[in-house]
Amino acid sequence: MPSPVPPPPHAPREPVVRTLHGDAVTDEYAWMADREDPRLRRYLEAENAYAGAMTADVQPLEAEIFGEIKARTKETDLSVPVRHQDWWYYSRTIEGEQYSVQARVSVHESPTRPVLEADGPPAFEQVLLDENAEAAGHEFFGLGASDVSPDGLLLAYAVDLAGDERFDLRVRVVTTGEVVDDSVRQIGAGIAWSLAGDYLFYTRVDQAWRPFEVWRHEVGRPSEDDVLVLREEDERFSLGVGSSRDDNWVIVGIGSKTSSEYHLIDAHEPTGPARVVSPRQRDVEYELEIHGHWAYLVHNRGRVNFELARALVAGGETGEWQLLDVTAPDEYLTGVDAFDGFLALSLRSGGQTGVRIVPLDPFSDNGIGTSWDVGFDQEVRTVYVGDNPDPATGTLQVHLTSMVTPPTVYDFDVDTRELTLLKQREVLGGYEPGDYVESLEWAAAEDGTRIPIAVVRHQSTPLDATAPGVLYAYGSYGIPLDPSFSVARLSWLQRGVVFAEALVRGGSELGRAWYDDGKLERKQHTFDDFVTCARHLGAVGFVDPDRLAGKGGSAGGLLIGAVANQAPELFRALHLQVPFVDSLTTMLDETLPLTAGEWEEWGDPVGSAQAYQWMKAYAPYDNIAARDYPAILVTTNINDTRVYVTEPAKWVARLRDLATNDPATAPILFRTEMRGGHLGSSGRYDAWHETAWELAVLLHLLAPRLPSRS
């Protein structure tokens, strides 16, 4: 870092005492909860200036990495077109443009999949939505939904111009581009059409930003005439809305962290009632796929790893559930896609994802035939079902990726069981997958649990405990951290960095029990697993133990914040992105976004003294102490509505008070993007600049230290 080191900023201190369950806690920065307080913005700007001054020497490396990301990316490109009714639908990017163009081509004009014409648009293209035009004049642009009406005449789309994930709905005529309706504002993500294209369904949010209502809007009418369809009073549950694959049903999903419920609205009669598929039951979760007269349900009524059932649908109501024996107890069933002739199951087994084909056989006793898996034999891989909107298809679009395999799309012929390559993302600049080595390692936790670690490195990087490393994790909500390809990551790998993902408890990589063993009173397992993986990487020689960085975002930022307090000696640097680091304070305030709905994930510290104690034991903000910390990099966004900027701001402010770091060798850096939300900048070039800066800063922090002079 540059010398001399400038003095860091310090936020104003206004101690407030909070007492609950007999525990008095002093919070010097509670005032930051008021995000409109001008002192907060001044503090964020001061931190940005300090981070800029401290990383001035990194700017050439940042520019170099941005150039590498850009040079490796095919900037003008086309997604794999998919057929729906009489159209091929796709999106494409254009060199120099930040956003995508959504478009379609008639199958009558192009019987085969459209292709770019000399890097220009496909022949006979009909533009649905040019996101670049929509974003013009705005610092941020986000798309919450985009859906063509079943008759193909109208496009409904929802836009966010602030980054707060609140969307304005617009409807335009596809052929002319004329906007015929823009009266519905400030809605949640997700929309659904009636079959005739005369009504739209959408969600609204409450004061805690929870989607809690579904409304019906008649296209062309003022929003004041909209009709409330469903309201969810239980603050643990949120609503979502969508359509069945054949557009015959509007599907309303209602879910908490531990139970779910679905309602169906006949899209032929959109003003009719919403009928419940199966009423919610405590600790019973299910997902719904409708095809013809059958509802297929992925559920955990009798198996922790979920299983498949089906039920007849009549008038929006379902009959008795019939179990279909298509998975083993140790296979985690995560989804089903139903087509005229087969089902495609998404599942996890042994830490790997997979796709299983189940043929439909009306002449068998249970309506199905003998199943088989779509075969891929890579040790580290992610396989999933792609976009398949045609219910009558005989082929299934399947995606494959890994840490060294760029995103690859296949057509799988269900009859011949053959895979046909449709597209692999082109990585420019002579990328050769064989130059990189990926593997699945296993580390042993103190309780005997084996923790998987996905690792990738350049083949020239030695395994002699001299390489710098970055260990990433998430570990919450049962969200799996599946291995995937990153163009930006190549800039690390080619500079000798070993990158690893710790598949810690709290995710679902090894099944639903893996998730359950890393939540509530067992949340400490998540942090212990990360520490176990860090020690393993050093012990077996993948990384230099003195040159290891930890990295995580959102709930993964909570993980990194907890580890910063519990095992700071294991890391040279820690990077926290939009981090959930004031977790106990947030979970005590049910008026904040996501709080009440997440008590089943973290615990209810208001109603339970026990939950309060286990959360306080690891909460990053509450456990900062006067000790040396690793170098800290915190990045966030001012309009984030999932994790308010308040949380990282408070955490950094208290770190500055207590940490005994030498800022010259272990600086605390905090940068806030003054536009954008939880997912960062919206334009791809802006996002590349952010990523390049973060990669460059971590590379700088992980550089070899000069020997001290005696």
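I take a charge to sit over a ring if NZ of Lys or CZ of Arg is within 6 Å of the ring centre and within 35 degrees of the ring normal. With that in hand I went to Trp-87 and found the charged end of Arg-104 over its ring, 3.7 Å from the centre.

Notes on the source. This is a predicted model, where local features need pLDDT of at least 70 and side-chain atom pairs count only at pLDDT 80 or more, while totals for chains, interfaces and linings use all residues. Residues are numbered from 1 along each chain as its sequence is written, and side-chain values use heavy atoms, with hydrogens and water left out.

Whole chain. I looked up the secondary structure and got 12 helices and 40 strands; these are DSSP runs numbered from the N terminus, helices being H or I of at least four residues and strands E of at least two. The radius of gyration is 26 Å, close to the 27 Å that the globule rule gives for 710 residues, so the protein chain is as compact as a globular protein of that length. (That radius is taken over C-alpha atoms, and the rule is 2.2 Å times the number of residues to the power 0.38.) Along the principal axes, the C-alpha atoms fill a box of roughly 80 × 60 × 55 Å. I get 58% of the 710 residues as buried, meaning under 20% relative accessible area, with exposed over 50% and partly exposed in between (1.4 Å probe, protein chains only).

Strand β5. I came back to Trp-87 through its strand, β5 (residues 87-93): five of its seven residues are buried, so β5 is largely enclosed by the rest of the structure. For pairing I need DSSP to find at least two bridges between two strands. β6 (residues 101-106) runs antiparallel to β5 and is joined to it by six bridges, with Trp-87 opposite Ser-106. β4 (residues 82-84) is also antiparallel to β5, over three bridges, and there Val-82 faces Tyr-89. I checked the turn of the β4-β5 hairpin: two residues lie between the strands, and Gln-85 has a positive phi of about 55 degrees. β3 (residues 77-78) joins β5 by two bridges, again antiparallel, and Asp-77 stands opposite Thr-93.

Aromatics. I count 15 aromatic pairs, taking rings of Phe, Tyr and Trp (its six-membered ring) with centres within 6.5 Å; planes under 30 degrees apart are stacked, over 60 edge-to-face and the rest tilted. Tyr-262 and Tyr-286 have ring centres 5.3 Å apart and planes at 50 degrees, so I log the pair as tilted. The pair links distant parts of the chain, 24 residues apart, with Tyr-262 in β18 (residues 260-266) and Tyr-286 in β20 (residues 286-291). Both tyrosines, Tyr-262 and Tyr-286, are buried. I also found one aromatic cluster made by Phe-66, Tyr-685 and Trp-688.

An open sheet. I traced four strands in the order β12-β13-β14-β15, paired antiparallel. β12 (191-193) and β15 (227-231) are at the edges with a single partner strand each, so one side of each has no neighbour in the sheet. β14 (residues 211-218) and β15 pair over four bridges, and I see Trp-215 opposite Leu-228 in β15.
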